[in-house]
Amino acid sequence: MIQYKKVAFYTLGCKLNFSETSTIARSFEDAGYAKVDFDDTPDIFVINTCSVTENADKKCVQLVKKAKKVNPDSYIVIIGCYAQLKPEEIANIYGVNMVLGANEKFDIVNHIENSLDTEGVTVEYGKIKEVQDFKPSFSYGDRTRSFLKIQDGCDYFCTFCTIPLARGKSRNATIAETVIEANKVAATEIKEIVLTGVNIGDFGQGGDENFFELIKELDKVEGIERFRISSIEPNLLSNEIIDFCLKDSAHFVPHFHIPLQSGSDELLKKMRRKYLSATYTNRVEQIKSIAPDACIGVDVIVGFPGETEEAFMETYNYLNELNISYLHVFTYSERANTTANKMGDVVPMHVRKERSKMLRILSEKKKRAFYESQVGKTGTVLWESQNDNGYINGFTENYIKVKHPYDESLENKLQTVKYLSIDKDGLMFAELVEEQVVV
């Protein structure tokens, strides 16, 4: 054991990566390492990578250069999706000392301590098809919320996606084991758990347990005030899940993030998605019929091969008319070993960027309209633990970001507020409803 060494972490990508980084960081602390900030001259840098887009790959290279400037003698380890997909490519990046694959990253401390005196770059990874284990993880460090990993991998193989190649088959722990992890979070001061994974609605993969049964059990966990579903496929978001979250649950919030990717049925088929736009419309209408104030977020991809101007406008008009709250817009990026990368009808990059810009403007309009619809109503805010230029911020159950003059006594508390107006920064001003405070 090498004690008193300093280690820093940088996470690229999704909430799942953040949950895994946090768990890996705790393994270092248990081994006697000191966790420090990236700029605090660490002895070891751990960079957890994403590989959804080409920019994520480039960001990894930039971070390695930055780490070497902070400490030229540092030991740099690359983990995550990029590391599993292209380990040898990463090994050739100047400054990298170790590359660990999808399974190997969870034993990172032993790998480092066995390799510190090794010449050259240490590369450890297995075939992703052979990865069967599920490694539970949850984030800790933000006092207010935790990302709880409930599932990993994906069996869908959409034509644009590398995640099955980077994370393997869909897998999870049992419901009982997952509840144990949630109880670990509940034993801390954290008030909200965000359920995360690659394809969380696929929990159980058709076995004796499923996602609906899981959320019913999680809802019983004492000490957690809120559960939030990070993202769920529309074909897996059943009426019983919607009804439970919006009608019967004590703790699940009225916020759904549902990937769409395209409003064109022709492109959805080319993407090998497991639904068409009619299913998506039905899910949105079902949610809004029960909870008109529910927040609905949407993932959409711009510039997929074969996306004509007509197909793009079909997506644009579909989203413009849909009763949703915001968009996450992704510019299509060619990825090696995907079916889409072999398709013709490539959309020029300047066209992709222009279409992305149009949808991001639409997202701002949708978000503004959603916030305006809430003015004068009340909600419950979970206040965050920081002073932001004289204000304290937090999110309501339906994902409205609220601001109020800073008051330290509110940190990490649930508070009923009345929405007053939208500030120039896009946040909602709110006044406290004093009698409603949950410690």
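# Close-up views of a predicted model

**View 1. The cavity and the residues around it.** One cavity of 30 Å³ or more is held by the structure, where a cavity is a set of points, on a 1 Å grid over the protein atoms alone, at which a 1.4 Å probe fits but cannot get out. The model is predicted, so that local features need pLDDT of at least 70 and side-chain atom pairs count only at pLDDT 80 or more, while totals for chains, interfaces and linings use all residues. Residues are numbered from 1 along each chain as its sequence is written, and side-chain values use heavy atoms, with hydrogens and water left out. The largest cavity has a volume of about 50 Å³, a volume being the space filled by probe spheres set on the points, which are joined across faces, edges and corners. Its lining residues, each with an atom within 4 Å of a point, include Glu-20, Asp-133, Lys-149 and Arg-171. By class, the lining of the largest cavity has two nonpolar, one polar and eight charged residues; Ala, Val, Leu, Ile, Met, Phe, Trp, Tyr, Cys and Pro count as nonpolar, Asp, Glu, Lys and Arg as charged, and the others, Gly among them, as polar.

View 2. Six strands form an open sheet with parallel pairing, in the order 2-1-3-4-5-6; strands (E, at least two residues) and helices (H or I, at least four) are DSSP runs numbered from the N terminus, and two strands pair if DSSP finds at least two bridges between them. Strand 2 (34-35) and strand 6 (122-124) are the edge strands, each pairing on one side only. Within this sheet, six bridges join strand 3 (residues 44-49) to strand 4 (residues 75-80) in the parallel sense, and Ile-44 stands opposite Tyr-75 of strand 4. Helix 1 (residues 15-30) lies across strand 1 (6-11), strand 2, strand 3 and strand 4, and runs at about 175° to strand 1; angles run from 0 to 180 degrees between N-to-C directions, and axes are lines fitted to C-alpha atoms, for helices over the stretch in contact.

**View 3. Helix 7 against helix 8.** Helix 7 (residues 175-186) packs with helix 8 (residues 211-218) at an angle of about 35°, and their axes are 10 Å apart. On the side of helix 7 the contact (heavy atoms within 4.5 Å) is made by Ile-175, Thr-178, Val-179 and Ala-182, and on the side of helix 8 by Glu-213, Leu-214, Glu-217 and Leu-218. These residues divide into five nonpolar, one polar and two charged.

View 4. An open sheet of four strands has the order 7-8-9-10 and mixed pairing, with strand 7 (137-138) and strand 10 (226-229) as its edge strands. Strand 9 (residues 192-196) pairs with strand 10 in the parallel sense over four bridges, and Glu-192 stands opposite Arg-226 in strand 10.

Notes
On a 1 Å grid over the protein atoms alone, a cavity is a set of points where a 1.4 Å probe fits but cannot get out, and a pocket is an open set with protein on both sides within 12 Å along at least five of seven lines; lining residues have an atom within 4 Å of a point.
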